[in-house]
Amino acid sequence: MSTTISLGADESTGTWGRIRRTASRRTEGRGIVLLTFIIIMVALLEPLALTAYDVTLGRIALIGIVALGLTAVILMGELDLSVASTLAVAGVIMASIPDLALGIVAALVAGLVVGVINAFFVAVIGINSFIATLGTLFALRGLAFVLSNEAPVSLENKDAGIAFGQPLIGPLTPRILIFILVFIAIQLFVSRVKTGREFFAVGGNRQAARDAGIPVNKRIFTGFMISGFVAALAGVINTLERTTADPTAGSTVLLASFAAAIIGGNYLKGGRGSIVGTLIGAASLGILQVALTISGVQVPIQQIYIGVILLLAVTTDPTSLRAVRGSLRTFRQSRMKTPDS
Amino acid sequence: MAQQTAPSAAEATTQSESSRLAGTLTWMSQNGIFIFTAILILFALIFVDGFGSLMNITDVFHRAAPIGIVAVGMTFVVISGNYLDLSVVAQVATAGVILIAVSNNYGIFPAILAALAAAMLFALVNGTAVGIFKANAVIVTLATTFIGLGLLRFFSGGSIFFGPPDGPIRTFGLGKIGPIPYSAIVLIIMTIVLGLLLNRTNFGFLVRSFGVNESATRLGGTNTALVIIGAFLVTAVAAMIAGFVLAAFSNTAVSNDGVGYEFRALAAIIVGGTSVFGGRGSVYRTFLGVIFVSVLTNILVLSGISFGYQQVALGVLIVLAVSLDALARKVAQR
């Protein structure tokens with residue numbers, strides 16, 4: 001991306017020019033500002049959240065893993081609201097199969113299937129992804145209730161679950177390690193692999209991507225399968241850590257993971273954004289949540305903070321700010337015109 | 001348009017065939033609701049035990065009323081091309097809790113005023129973010145849902161509020177004319193009023209034209225931000241009334257009263273034939289959609305089918321109804 005657009009526009013050379021060019025190309029600006037702000041505030045008010053970094057890392061991994069999968073879809077200008085229910089369904093499927101390995105495989109396959117179903121309605125039928133995945137969000141939530149008989153299912157193999165919660169390398173639990181692996185995999189995929197780089201083209205201008213010979217529908221399938229798979233993986237991790245699968249799981253994940261992806265600078269209409277941004281977003285929210293929990297703020301109240309951050313993130317998008325400037329200009333012009341007419 | 005000026009003979013026949021198919025599909029997605037509702041009610045009367053009983057019909061009306069009132073209001077947001085307003089969940093609960101809690105202490109009129117202020121605040125935040133900042137309506141209303149619910153739980157402490165056993169709220173909640181409860185009459189009045197607002201007023205025309213073509217509406221000299229804020233305001237006021245009706249029915253209110261309302265209302269709107277692509281639809285069809293969804297849910301409940309399957313059914317219903325609309329559009333464009 002970078003090499004192709006560095007013509008003319010900004011010829012100023014030297015270190016300053018290079019920094020400015022990089023800054024104008026990157027989308028993580030707001031995420032970094034928020035992260036810095038939160039770290040400073042937390043360091044001043046609740047430093048325990050930073051010193052107990054293993055807890056904070058676990059929380060970041062919890063929020064971030066779903067957000068990472070979501071980013072793959074958002075880069076194409078689509079949205080996958082069904083991740084919250086996919087997580088619940090995968091957990092229930094895994095817990096209801098006695099054999100642990102088989103259960104994990106079945107849960108992950110279920111995630112892929114959900115991705116295929118979503119992509120079918122979006123790419124083949126042509127429904128807007130907001131509505132299609134809202135429908136599957138609802139249907140899968142119901143399915144989780146049906147499969148679990150409306151009660152939490154406890155995991156057969158409790159020892160595996162307990163072992164899973166223990167630190168593996170240093171203070172890092174398997175959850176954090178899996179999160180790091182998923183981050184590296186998706187980051188390499190969208191920045192180094194041709195298929196992944198084409199996501200940006202599909203999101204930027206779908207018709208142009210099609211004309212350039214990119215199999216747009218195939219890419220949409222890939223994207224939704226990634227987000228379905230990663231959501232199912234999050235469901236598996238949750239179930240292992242808690243040794244039970246809750247059919248209502250994931251309703252709070254929906255808000256936090258969307259907030260992480262959008263604060264990270266991923267443009268909702270597609271084509272711009274980065275996996276690193278999502279990581280920054282997840283880190284800000286994770287630190288914030290842990291700090292709030294330590295200071296004794298209840299979960300519903302924490303949701304207010306995250307909701308406000310999401311609202312701010314989605315309204316301080318560069319295009320949103322342009323739209324506001326546009327409406328202000330129209331408003332002023334219409335004011336100036338009124339006396340004449 | 002260019003194709004119509006000089007079509008070859010072969011093209012003309014395929015075109016007329018595909019346009020006939022498109023016509024059928026479009027007709028189905030818009031007017032199928034009349035047939036489906038009639039078939040469903042007939043089916044229920046014949047095969048489902050106890051559906052036709054007076055008590056059950058009253059029950060269907062009782063349950064349909066709050067969802068229906070939300071749905072007819074939310075139709076405005078959907079027609080304006082902004083998908084939906086998820087925050088009705090928070091709005092319904094807020095209105096109910098304010099009605100019961102404030103009227104217990106200060107009387108019913110301050111309660112209504114306070115609830116109206118809350119509804120206007122919701123509409124202002126949603127409408128400003130979507131109309132002026134051009135942010136995505138789904139994400140904005142997802143955020144305001146959690147902000148609203150969080151604030152409500154913070155102020156209410158998550159507790160259940162009980163109304164007095166013989167106040168005006170209780171009288172309204174229990175009152176009915178024949179088998180039709182007052183709440184259903186409120187739904188019918190709301191449908192007529194909002195139907196007139198959408199079809200006969202300048203505001204309604206602007207909402208529809210915004211849904212068809214946003215930039216054309218703006219270039220036509222309309223302040224589109226006000227239109228969007230207006231559409232969210234209609235939804236918020238309707239959700240408030242739904243919250244009142246719901247609270248009056250049970251004479252209690254709690255902060256998770258509105259859970260599931262956004263999906264049920266959306267299902268009713270979409271099944272009714274209002275297009276999620278914006279611009280096309282009507283409040284009266286949404287009313288039929290409400291009847292369809294309520295009767296369907298009632299049949300499932302009477303047949304002893306669990307809550308999980310009901311949710312699956314509604315989710316599938318939403319996706320199928322939108323698919324029909326999308327396919328009709330695809331064939332028509334070809």
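**Labels and their grounds**

Guide: Helix α13 of chain B, residues 283-302, contains B:Ser294, where a helix is a DSSP run of H or I of at least four residues, a strand is a run of E of at least two, and both are numbered from the N terminus. This is a predicted model, in which local features need pLDDT of at least 70, side-chain atom pairs count only at pLDDT 80 or more, and totals for chains, interfaces and linings use all residues. Residues are numbered from 1 along each chain as its sequence is written, chains are lettered from A and ligands numbered from 1 in the order in which they are written, and side-chain values use heavy atoms, with hydrogens and water left out.

Visitor: Why does B:Ser294 count as buried?
Guide: Buried means under 20% relative accessible area, exposed means over 50%, and partly exposed lies in between, with a 1.4 Å probe and protein chains only; B:Ser294 has 13%, and therefore counts as buried. Leaving aside neighbours within four places in sequence, B:Ser294 is in contact (heavy atoms within 4.5 Å) with B:Val60 and B:Ala64.

Visitor: What makes B:Lys134 partly exposed?
Guide: Its relative accessibility is 30%, so B:Lys134 counts as partly exposed. B:Lys134 lies in the loop between α5 (108-132) and α6 (137-156) of chain B, and has a positive phi of about 55 degrees although it is not a glycine. Most residues other than glycine have a negative phi.

Visitor: Why are α9(A) and α14(A) called roughly antiparallel?
Guide: The axes of helix α9 (residues 174-192) and helix α14 (residues 275-294) of chain A come within 9 Å and cross at roughly 150 degrees. Axes are lines fitted to C-alpha atoms, for helices over the stretch in contact, and angles run from 0 to 180 degrees between N-to-C directions; those under 35 degrees count as roughly parallel, over 145 as roughly antiparallel, 65 to 115 as roughly perpendicular and the rest as oblique. The two helices are therefore roughly antiparallel to each other. Among the residues that meet there are A:Phe183 in α9(A) and A:Leu279 in α14(A).
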